[in-house]
Amino acid sequence: MGDTVLYEREGRIATITYNRPEALNAINAELRQDLNDAWRTFREDDEAWVGIVTGAGRAFSAGADVRGFGKPADKGTFWEVPSLTSLESGMEVWKPTIAAVNGYALGFGCTLVAACDFVIASERAQFGFPEVRLGVPTIQGAIRMPKRVSWQHAMELLLIGERVDAARAKEMGLVWKITPHEELMAEAHRLAERLLLSAPLAVRATKEVAHRGQEFDFMNAVRFGETMRKVAGATADAKSGPEAYRAKRPPVWEGR
């Protein structure tokens, strides 16, 4: 991946950072491609079990680089990057993900927030979808937000186009926890460490069932879940976990 997104791994925790601080991490074609590459790297990195995404500077991401709005797709815009190659647009990543929102999370940046499992916000964070005030419809955000918050809260974000602060976003249910700005990454890492106490393959199977189960009718969701239970039950971790419990010692997960 290029310089517009950083991928760093410390132990089992990977951190993905938007890295265009001079542009408030606005998303152009280069950054979107780099971001997609970073998520693909995380998904395929067997040593990375939990992912944190944040932004460099004073923004998480200000959304699409507006210099590309109203222009044909070219190498200066992110519209040309195919959908389903990004987490925002449907890339399937079953490892747990944490958005550590340090500032503006707007437009496509807010869509990424909605795609993450946990959202920890700095007291300075702001969220919103300004597209409608530029004459542009919100697509992925419009699909994700009603599944994340109530209908009226989703419509407030999507149709009015105003920013909301961290407190309002928490009231809506978009944000899980608000923290002082200086403690944001430490809080995200504390949550990641808590997630690492759980068996990674069981976590991924549970997340996939939770996600796909919303799309199935109840009986098919149960059938899919029971299939995933058998798959996860055949792993080495599924054997070592009960052994550790009986021996009254912490399990040592191997991710296999």
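Helix H2 (108-115) and helix H4 (151-160) are among the elements that cover the buried residues of helix H3. In this predicted model, H3 spans residues 140-148, and its buried residues are Gln140, Gly141 and Met145. These three residues lie on the same side of H3, because the arc that they cover around the axis is only 105°. An α-helix has 3.6 residues a turn, so residues three or four places apart point the same way. The exposed residues Ile143 and Lys147 are carried by the face of H3 that is turned away from the buried side.

At the level of the whole chain, the secondary structure consists of nine helices and ten strands. The radius of gyration of the protein chain is 19 Å, which agrees with the value near 18 Å that a compact globule of 256 residues would have. Along the principal axes, the C-alpha atoms fill a box of roughly 60 × 40 × 35 Å. Buried residues make up 48% of the 256 residues of the chain. The accessible surface of the protein chain is about 13,000 Å², and carbon and sulfur atoms account for 54% of this area. For contacts between residues at least 6 apart in sequence, 68% join residues at least 24 apart. The chain holds 33 positive and 34 negative charges, and the mean positions of the two sets are 5 Å apart.

Trp176 gives an example of a pairing between residues separated in sequence. This residue is in the loop between helix H5 (166-172) and strand S10 (177-179). Trp176 and Val119 are 57 residues apart in sequence, while their C-alpha atoms are 5.3 Å apart in space. When residues up to four places away in sequence are not counted, Trp176 touches Phe118, Val119, Ile120, Lys170, Leu191 and Arg194. With a relative accessibility of 36%, Trp176 counts as partly exposed, because that class lies between the limits of 20% and 50%.

A second pair concerns Gly2, which is placed in the segment before strand S1 (5-10). Gly2 and Arg223 are 221 residues apart in sequence, and the distance between their C-alpha atoms is 42 Å. The relative accessibility of Gly2 is 26%, so Gly2 also counts as partly exposed.

Backbone torsions were examined next. Most residues other than glycine have a negative phi. Leu24 has a positive phi, near 55°, and is a residue other than glycine. The position of Leu24 is in the loop between strand S2 (13-18) and helix H1 (29-44). Leu24 is partly exposed, as its relative accessible area is 22%.

Lys248 likewise is not a glycine and has a positive phi, of about 55°. This lysine is located in the segment after helix H9 (236-246). A relative accessible area of 79% makes Lys248 exposed, because the limit for that class is over 50%.

Technical notes
Residues numbered from 1 in each chain as written. Predicted model: local features only at pLDDT ≥ 70, side-chain atom pairs only at ≥ 80, totals over all residues. Heavy atoms only, no water. Helix = DSSP H or I, 4+ residues; strand = E, 2+ residues; numbered from the N terminus. Rg over C-alpha atoms; globule rule 2.2 N^0.38 Å. Buried < 20%, exposed > 50% of the residue type's maximum accessible area, 1.4 Å probe, protein only. Contact = heavy atoms within 4.5 Å. Areas by Shrake-Rupley, 256 points an atom, 1.4 Å probe, with all protein chains shown as cover. Lys, Arg positive; Asp, Glu negative; His and termini not counted. Charge placed at Lys NZ, Arg CZ, Asp CG, Glu CD. Arc of directions from axis to C-beta.
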